[in-house]
Amino acid sequence: MEDEISREPRHLGRALCIITGASKGFGRTLAFQLSCLLKPRSVLMLVARTTEQLNQLKEDIITLYGGQNQLDVCCVQADLEKKEGVEKTVQAAKETSVSEMDHLLLINNAASLGDVSRFALTFTDPVEVNRYLSLNISGALSLTAGVLQAFPRHLGLRRSVVNISSLCALKPFPSWVLYCIGKAARDMMFRVLAEEEPDVRVLSYAPGESLDTDMQLQARRSSGDLQLRRSFSSMF
Amino acid sequence: MSAVSGFGKALVVITGASKGFGRVLALSIAPRLAAGSALILAARSDDKLQELKADLSRGESGLTARCVAADLGCQAGVERVITEIRDIDPDIDHLLLFNNAASLGDVSRYCHDFTDVDEVNSYLSLNVSSALCLTAGVLRMFPQRTGLTRVIVNVSSLCALQPFPSWVLYCSGKAARDMMFRVLAEEEPDLRVLNYAPGPLDTDMQLQARSSSADVALRNSFSVMHAQGQLLTCDQSINKLIKVLLEDKYPSGAHLDFYDL
């Protein structure tokens, strides 16, 4: 297996590749880029809340890569803020069958910014904060747990888990308390996972703050902190 | 009482006050408060809070201690604490909020066992959300004004900085809290915000840690610490904390560990 990889162009194996928040932005672009790196008869599972965008993405990917790659693209409409959404996604993963699967790749990308027009002192409602943490922390942990349990460690199976992180995991930003909290918690969560499971490849990847996405748009329009809003706008 | 040896006329709020670190904190800080101060003690156990109040009344006079039986894991609990401070005389020199209430979570299980979103949410509700919402509520009740020093302490941990196997909930919660208070410190330059990691304390939480942790190495190292008398008493740790608070030189938003001081 090792020799094969060093001789051939880089690829991600015969995989089950799961991307959450796949319908737009970074997740969507990832889906395209990963499609051409998966060996034939891999399964690309795209998870998001909006069915139409997922289906459109699936069509676009199959048009570009599907035929030649024998890539099975599977859409899962799920809200990862909720228990049912996480369970539905884990169940869908269990039901995929990749014969001779050698790679499980889970990309925890789904996230929300939270209300960045407000400062920490305005967050007096635990229900609001809990909802935010449910998607951005709990959903990611429970999904990762469910998927790892569904595909336990065994010889010949590489398991990789990616956490889409941020500079906000490391550095505090005014008016971004929820997002910073979520990212800091996730980074730690995945560090604990890495300690516990030496066979799982765990990566927290911060993609950079100038991504041209809806989240960036929200950041530069809505941030309560004037300085932050200015510095985001100056990137465009 | 001079500014260096005490906090003057203060409103002090301590969560998780019924035992362990919170309880000793209440007893240690009381002598540092001038007459007319109020001490709000929040925890789930009303019985233990009443015992603490009785113990406090043997000490300083002129100090009002109020017990608030509340489960901070739910919205009503947070609201009950805020309501309790509503009628406190606002003519105070110092406001001190000690976010101490916390739980270890189920340390007998690993990351891959936490498949239930609701269970994780319940943990975060107490250990993360309530700290943010309580802090926000308290500060809104006592806004910035000249002559008032507002201090927010987060009882943190080495676990906020370093991952420990079988401790995913606790580590994530502590990491989240440290960041939360760092953002608060950035946003509100007049506040004094401290993330204080108290060191390994000889408390019920430690007992749970050394008897329940799934990770054998961790469990053993806690047991050894306990057996060899290396655990700190709450008094030892709190003495350092109070000293740091009275000196008031720490950078707001800093993470300070008992062993740094």
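Me: Is the crossing of helix 1 of chain B and helix 2 of chain B left-handed or right-handed?
Reply: The crossing is right-handed. Keep in mind that this is a predicted model.

Me: At what angle do helix 1 and helix 2 of chain B pack, and how far apart are their axes?
Reply: The angle is about 20 degrees, and the axes are 10 Å apart. Helix 1 covers residues 20-29 and helix 2 covers residues 46-57. Angles under 35 degrees count as roughly parallel, so helix 1 of chain B is roughly parallel to helix 2 of chain B.

Me: Which residues make the contact?
Reply: From helix 1 of chain B, B:Arg23, B:Ala26 and B:Leu27. From helix 2 of chain B, B:Glu51, B:Leu52, B:Asp55 and B:Leu56.

Me: How many nonpolar, polar and charged residues in that contact of helix 1 with helix 2 of chain B?
Reply: Four nonpolar, no polar and three charged.

Me: Switching to chain A. How do helix 4 and helix 5 of chain A pack?
Reply: Helix 4 (residues 83-95) and helix 5 (residues 126-150) of chain A pack at about 25 degrees. Their axes are 9 Å apart. The two helices of chain A are therefore roughly parallel to each other. Helix 4 of chain A passes helix 5 of chain A in a right-handed crossing.

Me: And which residues make the contact there?
Reply: Helix 4 of chain A puts in A:Val86, A:Thr89, A:Val90 and A:Lys94. Helix 5 of chain A puts in A:Gly139, A:Ser142, A:Leu143, A:Gly146, A:Val147 and A:Ala150. By class, the contact of helix 4 with helix 5 of chain A has five nonpolar, four polar and one charged.

Me: Now A:Ser134. Where is its place, and is it buried or exposed?
Reply: A:Ser134 sits in helix 5 of chain A. Its relative accessible area is 4%. Under 20% counts as buried, so A:Ser134 is buried.

Me: What lies 2.6 Å from a polar atom of the side chain of A:Ser134?
Reply: The backbone oxygen of A:Glu81.

Me: What does A:Ser134 touch, leaving out residues up to four places away in sequence?
Reply: In chain A, A:Leu80, A:Glu81 and A:Gly139. In chain B, B:Val117 and B:Asn121.

Me: Next, B:Ser213. Where is it found?
Reply: B:Ser213 is in the loop between helix 6 (204-212) and helix 7 (216-227) of chain B. B:Ser213 has 0% relative accessibility, so it counts as buried.

Me: Which side chain is joined to that of B:Ser213 by a polar contact of 2.9 Å?
Reply: The side chain of B:Trp167. Residues that B:Ser213 touches, beyond four places away in sequence, include B:Val107, B:Ser166, B:Gln208 and B:Phe222.

Me: Last topic, backbone. What is phi of A:Glu100?
Reply: Positive, about 55 degrees, although A:Glu100 is not a glycine. A:Glu100 is in the loop between helix 4 and strand 4 (103-108) of chain A. With a relative accessible area of 64%, A:Glu100 is exposed.

Me: What about phi of A:Ser175?
Reply: Near 70 degrees, again a positive value in a residue other than glycine. A:Ser175 is in the loop between strand 5 (158-164) and helix 6 (177-196) of chain A.

Me: Is A:Ser175 buried or exposed?
Reply: A:Ser175 is buried, with a relative accessible area of 1%.

Key:
Residues are numbered from 1 along each chain as its sequence is written. Chains are lettered from A and ligands numbered from 1 in the order in which they are written. This is a predicted model: local features need pLDDT of at least 70, side-chain atom pairs count only at pLDDT 80 or more; totals for chains, interfaces and linings use all residues. Side-chain values use heavy atoms; hydrogens and water are left out. Helices (H or I, at least four residues) and strands (E, at least two) are DSSP runs, numbered from the N terminus. Buried means under 20% relative accessible area, exposed over 50%, partly exposed in between (1.4 Å probe, protein chains only). A polar contact is a pair of N or O atoms within 3.5 Å; within protein, one must be able to donate a hydrogen and the other to accept it, and residues adjacent in sequence count only if both atoms are side-chain atoms. Contact means heavy atoms within 4.5 Å. Axes are lines fitted to C-alpha atoms, for helices over the stretch in contact, and angles run from 0 to 180 degrees between N-to-C directions. Angles under 35 degrees count as roughly parallel, over 145 as roughly antiparallel, 65 to 115 as roughly perpendicular and the rest as oblique. A crossing is left-handed if the near helix is turned anticlockwise from the far one by less than a right angle, and right-handed if clockwise. Ala, Val, Leu, Ile, Met, Phe, Trp, Tyr, Cys and Pro count as nonpolar, Asp, Glu, Lys and Arg as charged, and the others, Gly among them, as polar.
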